[in-house]
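Here is a short tour of a protein structure, told strand by strand and pair by pair. Keep the 3D view open and find each residue as it comes up.

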Amino acid sequence: MALIKTKGLVIKEQPYKEQDKILTIFTEDEGKIQCIARGVRRQKSGLLASTQIFAYSEFVYYPGKNFGIINQSNLIEAFYPLRNDLTKMALASYLLDLMYNAYEFFQKSPEILKLLLHVLFYMSGGKAKNDLILVGAFQMKLVSYLGYRPGLERCMICQDDQEISLFSIENNGIICSGCREQTEGYLYKLNPAMLELLQDFLRQPIKQLKDREVSSAEAIKINDLLDHYIGYCIGKSSKAYAFYKTMLNPLG
Amino acid sequence: MGYYPKTLERLVLELGKLPGIGEKSAQRLAFHIINLSDEEISSLSEALISAKAKIVLCQKCFTITDKEICDICENPKRDQETICVVQNSRDIFAIEKTREYNGLYHVLHGAISPLDGIGPQDIKARELLLRIGESDIKEVIMATNATVEGEATAMYLGNLISPLGVKVTRLAKGIPIGADLEYTDEITLIKAFEGRNEI
């Protein structure tokens, strides 16, 4: 079978047998794939650095029905500074977890991969005013790309654009105070600044959003809302996000 | 495997559950075991049962031991002011083989991993901080793995320990002995340059 050469980001790794690993890689050309990387837990393996989690590498592999077999890999970017800050690492891990949960094997999404690489680049380089904004923007753009773009212009029930004060998970978007009684399920309170931020997450590119200043308390509320919404849409919750929330009070 | 007696089949099955043992190796081991003398068999089974029953965690450093306090922690000749932090007990055996380090150890029993949901509360981090607080430790050497999880754990613990006035160091990274420079990855080369020594 012909070898496949593609660039990809390692989004999950599991130890396999004595010295191997099973990698989940989100690739540009083949989408989300699983590959066995043989001998990569050995000290002298040439594939060590390029098969670690967060590694963006060029992979050459033999495709298989379930697992590919890595033949060669060259590291392009390791996003190394993420290791120096546990909060950054927790947030970046959450983004990888989202990619893992949101896509099926062999499902392709080169645009979202590109977006994720940009986010990781800004995050690891400390180039954003607030990393939580990067996470929120990625959450919003991902869920929209998956086809679950939330309604953020008018009340999802009466279509009015006045007195918007809530986000309804079950109604896929914002609702006004008057319609509160007509909806069941989980509601998030929104102030005008939070609504504007959610709308900007949809409209503005990451490059612009990274310079946005916002209080961390407000950004966390938005991240919580979007994580809940994504979980509702794709039917899976993120273990890494739960970790991030417990990490805010680590040894407590 | 219907061609083996049931008792032998069970032995092969149990041995095959061990790490790194496939069916063929399990069969070889099983045939070796049934050919052992009664004394050898008794000794082997006794060793297995007593290892499982008597191995506990050292109350100070949390490595595996068959006593309340392990030999290293109990040894007054060891440097009582330095702690080397490792992820598991096997790392201690690797470091001890070098005969280069004479301090104490602390075994974390894992590393922080957001994707696996392993947080600081799931490893022996709190115990390390308590130990440093209670004794006169001058240096803590972070010898966790050079993986993403190991690095993040070292950095996280370092940030908690440094304010206590204790020196925190990290094992150096670089080119393995016997390796060709041209096959070394960029990250390792960068770290090797950063940690270069005067000769």
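Leaving out residues up to four places away in sequence, T51(A) touches V10(A), E13(A), K21(A), L23(A), A37(A), V40(A), F59(A) and S73(A). This is a predicted model, so every contact here is computed from predicted atoms.

Where does T51(A) sit? It is found in the loop between β3 (31-37) and β4 of chain A. Is T51(A) buried or exposed? Its relative accessible area is 0%, and buried means under 20%, so T51(A) is buried.

## The barrel of chain A

Now look at the strands of chain A. Five of them make a closed barrel, in the order β1-β2-β3-β5-β4, with mixed pairing. Neighbouring strands of this sheet are turned by 50 degrees against each other on average, direction ignored.

Start with strand β4(A), residues 56-62. It is mostly covered: five of its seven residues are buried. On one pairing, β4(A) meets strand β1 (residues 4-16) of chain A. The two run antiparallel and are joined by six bridges. Find K5(A), and you will see V60(A) of β4(A) opposite.

β4(A) also pairs with strand β5 (residues 68-77) of chain A. This pairing is antiparallel too, over seven bridges. Here F59(A) stands opposite S73(A) in β5(A). Both F59(A) and S73(A) are among the residues that T51(A) touches. β4(A) and β5(A) form a hairpin, with five residues between them.

One facing pair is I22(A) and I36(A), the latter in β3(A).

## The open sheet of chain B

Move to chain B. Four strands form an open sheet in the order β4-β3-β5-β6, with parallel pairing. Which strands lie at the edges? They are β4 (104-107) and β6 (167-170) of chain B, each pairing on one side only. On average, neighbouring strands of this sheet are turned by 25 degrees against each other, direction ignored.

Strand β3 (residues 82-86) of chain B runs parallel to strand β5 (residues 139-142) of chain B, and four bridges join them. C84(B) stands opposite I141(B) in β5(B).

## An isoleucine inside, a phenylalanine at the surface

I83(B) has its place in strand β3 of chain B. Its relative accessibility is 0%, so I83(B) counts as buried. Leaving aside neighbours within four places in sequence, its contacts include L104(B), Y105(B) and H106(B), as well as L128(B), R131(B) and I141(B). I83(B) and I95(B) are 12 residues apart in sequence, and their C-alpha atoms are 13 Å apart in space.

F93(B) is placed in helix α5 (residues 89-98) of chain B. At 45% relative accessibility, F93(B) counts as partly exposed. Together with I55(B), L57(B) and I64(B), F93(B) makes a nonpolar surface patch of about 330 Å².

## Charged pairs

Side chains of opposite charge can pair when their charged atoms come close. How many salt bridges are there over all chains? The count comes to 16.

Take E96(B) and R78(B), whose side chains meet in a salt bridge at 2.8 Å, N to O. E96(B) lies in helix α5 of chain B, while R78(B) lies in the loop between α4 (71-74) and β3 of chain B, so the pair ties together parts that are 18 residues apart in sequence. E96(B) is partly exposed at 25% relative accessibility, whereas R78(B) is buried at 8%. In chain A, salt bridges that share partners join E153(A), D200(A), R203(A) and R212(A) into one network.

E14(B) and K17(B) form a salt bridge at 3.1 Å, N to O. E14(B) is partly exposed at 38%, and K17(B) is exposed at 59%. D211(A) pairs with K210(A), with the closest N and O atoms 3.4 Å apart. D211(A) is partly exposed at 41%, but K210(A) is buried at 15%.

Technical notes:
Residues are numbered from 1 along each chain as its sequence is written. Chains are lettered from A and ligands numbered from 1 in the order in which they are written. This is a predicted model: local features need pLDDT of at least 70, side-chain atom pairs count only at pLDDT 80 or more; totals for chains, interfaces and linings use all residues. Side-chain values use heavy atoms; hydrogens and water are left out. Buried means under 20% relative accessible area, exposed over 50%, partly exposed in between (1.4 Å probe, protein chains only). Two strands pair if DSSP finds at least two bridges between them. Axes are lines fitted to C-alpha atoms, for helices over the stretch in contact, and angles run from 0 to 180 degrees between N-to-C directions. Patches are made of residues with over 30% relative accessible area and no salt bridge: like charges are joined within 9 Å, nonpolar side chains (Val, Leu, Ile, Met, Phe, Trp, Tyr) within 5 Å. Accessible areas come from the Shrake-Rupley method with a 1.4 Å probe; for residues, only the protein chains shown count as cover. A salt bridge is a side-chain nitrogen of Lys or Arg within 4 Å of a carboxyl oxygen of Asp or Glu. Contact means heavy atoms within 4.5 Å.
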